[in-house]
Amino acid sequence: MNKEDLVNMIAAKTRLTKKETTHILDSLTETIMETVASGDKVVLVGFGTFGAIC
């Protein structure tokens with residue numbers, strides 16, 4: 001699955017537009033990257049943990 005596939009599936013399930021869904025997905029990934037870059041970690045229970053590799 002690529003980003004476009006993911007956007008299409010989320011948009012269909014939420015009835016948001018593809019543009020809105022892309023904005024949300026981009027905001028999510030950007031927030032995770034910024035948080036990890038600042039030295040913190042992000043834990044999404046049932047999905048995964050994101051953190052810097054030391």
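Residues are numbered from 1 along each chain as its sequence is written, and side-chain values use heavy atoms, with hydrogens and water left out. Because the model is predicted, local features need pLDDT of at least 70 and side-chain atom pairs count only at pLDDT 80 or more, whereas totals for chains, interfaces and linings use all residues.

The protein contains two helices and two strands, which follow one another from the N terminus in the order α-α-β-β; helices (H or I, at least four residues) and strands (E, at least two) are DSSP runs, numbered from the N terminus. Along the principal axes, the C-alpha atoms occupy a box of roughly 40 × 20 × 15 Å. The radius of gyration of the protein is 13 Å, while a compact globule of 54 residues would have a value near 10 Å; this quantity is taken over C-alpha atoms, and the globule rule is 2.2 Å times the number of residues to the power 0.38. With contact defined as heavy atoms within 4.5 Å, residues 24 or more positions apart contribute 0% of the contacts that have a separation of 6 or more. The accessible surface amounts to about 4,600 Å², and 61% of it belongs to carbon and sulfur atoms; accessible areas come from the Shrake-Rupley method with a 1.4 Å probe, and for residues only the protein chains shown count as cover. Of the 54 residues, 13% count as buried, where buried means under 20% relative accessible area, exposed over 50%, and partly exposed in between (1.4 Å probe, protein chains only).

Thr 21, in helix α2 (residues 18-37), is buried, with a relative accessible area of 3%. When residues up to four places away in sequence are not counted, Thr 21 touches Val 7, Ile 10, Ala 11, Thr 14 and Leu 16. Leu 6 counts as partly exposed because its relative accessibility is 31%, and, with neighbours within four places in sequence left aside, Leu 6 is in contact with Met 1 and Leu 25.

A search of the whole structure finds one salt bridge, defined as a side-chain nitrogen of Lys or Arg within 4 Å of a carboxyl oxygen of Asp or Glu. This salt bridge joins Lys 3 and Asp 26, whose closest N and O atoms are 2.4 Å apart. The pair links distant parts of the chain, with Lys 3 in helix α1 and Asp 26 in helix α2, 23 residues apart. Both residues are partly exposed, Lys 3 with a relative accessible area of 43% and Asp 26 with one of 30%.

On the surface, Met 1, Leu 6, Met 9 and Ile 10 form a nonpolar patch with about 380 Å² of accessible area together. Patches are made of residues with over 30% relative accessible area and no salt bridge, like charges being joined within 9 Å and nonpolar side chains (Val, Leu, Ile, Met, Phe, Trp, Tyr) within 5 Å.

The loop between α1 and α2 includes Arg 15, which is exposed, with a relative accessible area of 80%. The phi of Arg 15 is near 65°, a positive value in a residue other than glycine. Most residues other than glycine have a negative phi.
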